[in-house]
Amino acid sequence: MSLEPANPAVSLLGLEGAGLLAALHAASFERGWSEADIRDLLASPGVRAVVMSEEGEPAGFALIRAIAGEAELLTLCVRPQFRRTGLGEALLQSAETTAAAQGAQRLFLEVSAANEAAIGLYSRAGYRTSGRRKGYYRDGSDAVLMDKPLG
Ligand SMILES: CC(C)(COP(=O)(O)OP(=O)(O)OC[C@H]1O[C@@H](n2cnc3c(N)ncnc32)[C@H](O)[C@@H]1OP(=O)(O)O)[C@@H](O)C(=O)NCCC(=O)NCCS
(Lines give C-alpha, C1' and ligand atoms only; values in the text may rest on other atoms or scores of the structure.)
Protein backbone atom coordinates (compact mmCIF):
# COMPACT_ATOMS: atom_id res chain seq x y z
CA MET A 1 0.00 0.00 0.00
CA SER A 2 1.43 3.37 -0.96
CA LEU A 3 1.64 5.89 1.87
CA GLU A 4 2.46 8.97 -0.16
CA PRO A 5 1.72 8.66 -3.89
CA ALA A 6 4.17 11.54 -4.51
CA ASN A 7 6.96 9.52 -2.93
CA PRO A 8 6.97 5.93 -4.22
CA ALA A 9 10.02 5.10 -2.07
CA VAL A 10 7.86 5.10 1.08
CA SER A 11 5.36 2.36 1.74
CA LEU A 12 3.35 0.71 4.49
CA LEU A 13 3.96 -3.02 4.93
CA GLY A 14 1.61 -5.66 6.25
CA LEU A 15 2.21 -9.13 7.72
CA GLU A 16 3.83 -10.29 4.48
CA GLY A 17 6.72 -7.92 5.17
CA ALA A 18 7.80 -9.52 8.46
CA GLY A 19 10.79 -11.35 6.90
CA LEU A 20 12.07 -8.22 5.22
CA LEU A 21 11.72 -6.18 8.40
CA ALA A 22 13.54 -8.85 10.44
CA ALA A 23 16.45 -8.71 7.96
CA LEU A 24 16.59 -4.92 8.12
CA HIS A 25 16.41 -5.03 11.93
CA ALA A 26 19.23 -7.60 12.17
CA ALA A 27 21.45 -5.37 10.01
CA SER A 28 21.19 -2.62 12.65
CA PHE A 29 20.84 -4.29 16.05
CA GLU A 30 23.02 -6.89 17.76
CA ARG A 31 19.94 -8.56 19.19
CA GLY A 32 17.65 -8.57 16.16
CA TRP A 33 13.96 -9.33 16.38
CA SER A 34 12.91 -12.58 14.71
CA GLU A 35 10.47 -12.72 11.84
CA ALA A 36 7.93 -14.28 14.25
CA ASP A 37 8.43 -11.42 16.75
CA ILE A 38 7.79 -8.89 14.02
CA ARG A 39 4.79 -10.75 12.63
CA ASP A 40 3.26 -10.78 16.12
CA LEU A 41 3.83 -7.04 16.42
CA LEU A 42 2.36 -6.35 12.98
CA ALA A 43 -0.73 -8.32 13.98
CA SER A 44 -1.18 -6.21 17.14
CA PRO A 45 -3.70 -3.37 17.32
CA GLY A 46 -2.46 -0.01 16.05
CA VAL A 47 0.93 -1.22 14.81
CA ARG A 48 2.17 0.06 11.44
CA ALA A 49 5.46 -0.40 9.58
CA VAL A 50 6.82 2.33 7.33
CA VAL A 51 9.53 1.17 4.94
CA MET A 52 11.82 3.29 2.83
CA SER A 53 13.72 2.18 -0.26
CA GLU A 54 16.82 3.65 -1.80
CA GLU A 55 18.16 2.77 -5.24
CA GLY A 56 15.30 0.28 -5.50
CA GLU A 57 16.19 -1.71 -2.38
CA PRO A 58 14.73 -1.57 1.14
CA ALA A 59 17.00 0.66 3.22
CA GLY A 60 15.25 1.10 6.55
CA PHE A 61 11.99 1.07 8.43
CA ALA A 62 10.10 2.47 11.38
CA LEU A 63 7.56 0.60 13.48
CA ILE A 64 4.96 2.48 15.49
CA ARG A 65 2.02 1.61 17.70
CA ALA A 66 -0.80 4.18 17.91
CA ILE A 67 -3.60 3.64 20.40
CA ALA A 68 -6.04 5.97 22.16
CA GLY A 69 -4.50 9.20 20.89
CA GLU A 70 -0.89 8.34 21.73
CA ALA A 71 1.80 6.66 19.68
CA GLU A 72 5.04 4.89 20.49
CA LEU A 73 8.04 4.48 18.23
CA LEU A 74 8.83 0.76 18.63
CA THR A 75 11.92 0.78 16.45
CA LEU A 76 13.64 2.76 13.72
CA CYS A 77 16.67 1.70 11.70
CA VAL A 78 18.55 2.42 8.52
CA ARG A 79 20.97 -0.08 6.93
CA PRO A 80 24.55 1.03 7.64
CA GLN A 81 25.45 1.78 4.01
CA PHE A 82 22.53 4.21 3.68
CA ARG A 83 23.07 6.16 6.89
CA ARG A 84 23.74 9.85 7.12
CA THR A 85 21.84 10.60 3.92
CA GLY A 86 18.62 11.81 5.51
CA LEU A 87 16.72 8.50 5.45
CA GLY A 88 16.36 8.29 9.23
CA GLU A 89 14.85 11.74 9.30
CA ALA A 90 12.51 10.92 6.40
CA LEU A 91 11.42 7.68 8.08
CA LEU A 92 10.75 9.48 11.34
CA GLN A 93 8.62 12.05 9.51
CA SER A 94 6.66 9.27 7.78
CA ALA A 95 6.17 7.54 11.13
CA GLU A 96 4.82 10.78 12.58
CA THR A 97 2.47 11.29 9.62
CA THR A 98 1.23 7.71 9.95
CA ALA A 99 0.70 8.05 13.71
CA ALA A 100 -1.17 11.33 13.28
CA ALA A 101 -3.39 9.73 10.62
CA GLN A 102 -4.27 7.08 13.25
CA GLY A 103 -5.37 9.83 15.63
CA ALA A 104 -2.21 10.13 17.76
CA GLN A 105 -1.49 13.56 19.19
CA ARG A 106 1.93 12.73 20.59
CA LEU A 107 4.74 10.32 19.70
CA PHE A 108 6.78 8.78 22.54
CA LEU A 109 10.07 6.91 22.30
CA GLU A 110 12.90 5.61 24.43
CA VAL A 111 16.52 5.49 23.39
CA SER A 112 19.82 4.50 24.98
CA ALA A 113 21.73 7.46 26.39
CA ALA A 114 24.77 5.94 24.61
CA ASN A 115 23.10 6.13 21.18
CA GLU A 116 24.43 9.46 19.94
CA ALA A 117 23.15 9.02 16.39
CA ALA A 118 19.56 8.40 17.44
CA ILE A 119 19.55 11.11 20.10
CA GLY A 120 20.98 13.52 17.49
CA LEU A 121 18.24 12.57 15.06
CA TYR A 122 15.40 12.86 17.59
CA SER A 123 16.65 16.13 19.07
CA ARG A 124 16.93 17.72 15.66
CA ALA A 125 13.42 16.52 14.81
CA GLY A 126 12.00 18.36 17.83
CA TYR A 127 11.77 15.61 20.47
CA ARG A 128 12.17 16.72 24.06
CA THR A 129 13.46 14.63 26.97
CA SER A 130 10.78 13.82 29.54
CA GLY A 131 12.57 11.30 31.76
CA ARG A 132 15.34 8.80 32.24
CA ARG A 133 15.50 5.17 33.40
CA LYS A 134 18.79 4.34 35.11
CA GLY A 135 20.63 1.26 33.81
CA TYR A 136 17.68 0.21 31.67
CA TYR A 137 19.59 -1.50 28.83
CA ARG A 138 21.67 -4.70 28.95
CA ASP A 139 24.90 -2.74 28.52
CA GLY A 140 24.04 -0.75 31.62
CA SER A 141 23.19 2.44 29.76
CA ASP A 142 20.24 4.60 30.78
CA ALA A 143 17.07 4.89 28.73
CA VAL A 144 16.19 8.43 27.75
CA LEU A 145 12.44 9.02 27.34
CA MET A 146 11.52 11.54 24.66
CA ASP A 147 8.32 12.76 23.06
CA LYS A 148 6.96 15.25 20.55
CA PRO A 149 3.50 16.66 19.92
CA LEU A 150 2.16 15.78 16.46
CA GLY A 151 0.44 18.29 14.20
C1 LIG B 1 19.71 6.37 14.23
C2 LIG B 1 19.62 6.11 12.72
C3 LIG B 1 18.23 5.56 12.38
C4 LIG B 1 19.83 7.43 11.95
O5 LIG B 1 19.59 7.18 10.58
P6 LIG B 1 20.27 8.07 9.43
O7 LIG B 1 19.59 7.73 8.15
O8 LIG B 1 21.75 7.93 9.46
O9 LIG B 1 19.87 9.55 9.91
P10 LIG B 1 19.85 10.87 9.02
O11 LIG B 1 20.84 10.77 7.89
O12 LIG B 1 18.45 11.19 8.65
O13 LIG B 1 20.39 11.94 10.07
C14 LIG B 1 19.59 13.04 10.49
C15 LIG B 1 20.32 13.76 11.61
O16 LIG B 1 20.44 12.92 12.78
C17 LIG B 1 21.69 13.19 13.43
N18 LIG B 1 22.59 12.03 13.31
C19 LIG B 1 22.45 10.95 12.51
N20 LIG B 1 23.47 10.09 12.69
C21 LIG B 1 24.29 10.66 13.60
C22 LIG B 1 25.51 10.25 14.19
N23 LIG B 1 26.12 9.09 13.87
N24 LIG B 1 26.07 11.06 15.14
C25 LIG B 1 25.49 12.23 15.48
N26 LIG B 1 24.31 12.68 14.94
C27 LIG B 1 23.73 11.90 14.02
C28 LIG B 1 22.31 14.38 12.68
O29 LIG B 1 21.79 15.57 13.25
C30 LIG B 1 21.75 14.14 11.28
O31 LIG B 1 21.77 15.30 10.48
P32 LIG B 1 23.11 15.61 9.62
O33 LIG B 1 23.51 14.35 8.89
O34 LIG B 1 22.67 16.72 8.70
O35 LIG B 1 24.15 16.04 10.63
C36 LIG B 1 20.74 5.10 12.26
O37 LIG B 1 22.00 5.57 12.76
C38 LIG B 1 20.53 3.68 12.72
O39 LIG B 1 19.82 2.90 12.07
N40 LIG B 1 21.15 3.28 13.86
C41 LIG B 1 21.06 1.91 14.36
C42 LIG B 1 19.67 1.61 14.88
C43 LIG B 1 19.28 2.55 16.01
O44 LIG B 1 20.06 2.83 16.91
N45 LIG B 1 18.01 3.02 15.95
C46 LIG B 1 17.44 3.89 16.96
C47 LIG B 1 16.90 3.09 18.09
S48 LIG B 1 16.09 4.12 19.28
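Helices (H or I, at least four residues) and strands (E, at least two) are taken here as DSSP runs, numbered from the N terminus. The structure is a predicted model, in which local features need pLDDT of at least 70 and side-chain atom pairs count only at pLDDT 80 or more, while totals for chains, interfaces and linings use all residues. Residues are numbered from 1 along each chain as its sequence is written, and side-chain values use heavy atoms, with hydrogens and water left out.

With a relative accessible area of 12%, S141 is buried (under 20% relative accessible area; exposed is over 50%, and partly exposed in between, with a 1.4 Å probe and protein chains only). The side chain of S141 takes part in a polar contact of 2.7 Å with the side chain of D139. A polar contact here is a pair of N or O atoms within 3.5 Å; within protein, one must be able to donate a hydrogen and the other to accept it, and residues adjacent in sequence count only if both atoms are side-chain atoms. The side chain of S141 also makes a polar contact, at 2.9 Å, with the side chain of S112. S112 belongs to strand β5 (residues 106–112), and its relative accessibility of 15% is why S112 counts as buried.

D142 and A114 are separated by 28 residues in sequence, with 7.8 Å between their C-alpha atoms. For G140 and A114, the separation is 26 residues in sequence and 9.7 Å from C-alpha to C-alpha.

Attention now turns to the ligand, which sits in the largest pocket. On a 1 Å grid over the protein atoms alone, a pocket is an open set of points with protein on both sides within 12 Å along at least five of seven lines, whereas a cavity is a set of points where a 1.4 Å probe fits but cannot get out; lining residues have an atom within 4 Å of a point. A molecule sits in either one if more than half of its atoms lie within 2 Å of its grid points.

Around the ligand there are 20 residues, of which L76, R84, G86, G88 and N115 come nearest; a residue is near a molecule if one of its heavy atoms lies within 4 Å of it. By class, this shell holds 10 nonpolar, 6 polar and 4 charged residues. Ala, Val, Leu, Ile, Met, Phe, Trp, Tyr, Cys and Pro count as nonpolar, Asp, Glu, Lys and Arg as charged, and the others, Gly among them, as polar. At least two shell residues come from each of β4 (70–78), α3 (87–101) and α4 (116–124), and α4 gives the most, with 6 residues.

A polar backbone atom of G86 is 2.8 Å from a ligand oxygen, and a polar backbone atom of L121 is 3.4 Å from one. The protein covers 77% of the 920 Å² of accessible area that the ligand has on its own, with areas from the Shrake-Rupley method and a 1.4 Å probe.

Helix α4 also holds I119, which counts as partly exposed because its relative accessibility is 22%. I119 and V144 are 25 residues apart in sequence, and their C-alpha atoms are 8.8 Å apart.

Finally, two backbone angles deserve a friendly mention. Most residues other than glycine have a negative phi. In R84, however, phi is positive, near 65 degrees. R84 lies in the loop between β4 and α3 and, at 87% relative accessibility, counts as exposed. A68 has a positive phi as well, of about 50 degrees, although it is not a glycine. This residue is in the loop between β3 (57–67) and β4, and its relative accessibility of 79% is why A68 counts as exposed.
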